[in-house]
Amino acid sequence: MEFSRLARISEELKREISDIIRNELKDPRVPMMTSITKVEVTSDLKYAKVYVSVLGDEDVVKNAFDGLNSATGFVRKEVGSRIRLRYTPQIIFVRDTSIEYGVHISKLLHDINTNKPGHEEQ
């Protein structure tokens, strides 16, 4: 029972934080290609790990996380006003490289398939 409540809260946080970053955050360091992939909330609802994927080179990613970390207080305040919880969790932004890894694997598979003997481009 507790697990489903945490899952619902995590999904709600994910939806609201995504909306805040996309529509409310005015920091130019955070690019439009910033995605929230997952949110993990601790069982006491004190902390929320927000997994963020940013497409771009290392400088873009570093600047995006600098912008997100500087906006943590604003994001937390907005979440607190949108979601009715007794305690608004402390937000911790964590880099998620799963999308980048998936793109890399897809490219490797494409390269293997195009270098296969007998493979013809269509």
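**Pocket, charges over rings and surface patch**

Modeller: In this predicted model, the lining of the largest pocket consists of Ser18, Ile21, Arg22, Leu25, Asp27, Val30, Pro31, Met32, Thr34, Ser35 and Ile36. Helix H1 (2–24) and strand E1 (34–41) are the elements that each give two or more residues to this lining. The space in the largest pocket is about 170 Å³.

Colleague: What makes Lys38 count as a charge over the ring of Tyr51?

Modeller: The charged end of Lys38 is 5.0 Å from the centre of the Tyr51 ring. The distance limit is within 6 Å, so the value of 5.0 Å meets it.

Colleague: How do you know that Lys46 lies over the face of Tyr87?

Modeller: Lys46 is at 4.4 Å from the ring centre of Tyr87; with the limit set at within 6 Å, this contact therefore qualifies on distance.

Colleague: How many aromatic pairs does the rule give?

Modeller: The count is 0 aromatic pairs.

Colleague: Why are Met33, Leu55, Ile99 and Val103 called a nonpolar surface patch?

Modeller: Met33, Leu55, Ile99 and Val103 make a patch of about 350 Å². Patch residues need over 30% relative accessible area, and nonpolar side chains are joined within 5 Å, so these four are grouped as a patch. Val103 belongs to helix H4 (residues 98–114).

Methods:
Residues numbered from 1 in each chain as written. Predicted model: local features only at pLDDT ≥ 70, side-chain atom pairs only at ≥ 80, totals over all residues. Heavy atoms only, no water. Patch = residues over 30% accessible without salt bridge, like charges linked within 9 Å, V, L, I, M, F, W, Y side chains within 5 Å. Areas by Shrake-Rupley, 256 points an atom, 1.4 Å probe, with all protein chains shown as cover. Helix = DSSP H or I, 4+ residues; strand = E, 2+ residues; numbered from the N terminus. Phe/Tyr/Trp six-rings, centres within 6.5 Å; stacked < 30°, edge-to-face > 60°. Lys NZ or Arg CZ within 6 Å of the ring centre and 35° of its normal. 1 Å grid on protein atoms, 1.4 Å probe; cavity = no way out; pocket = protein on both sides within 12 Å on 5 of 7 lines; lining within 4 Å. Points joined across faces, edges and corners; volume = space filled by probe spheres on them.
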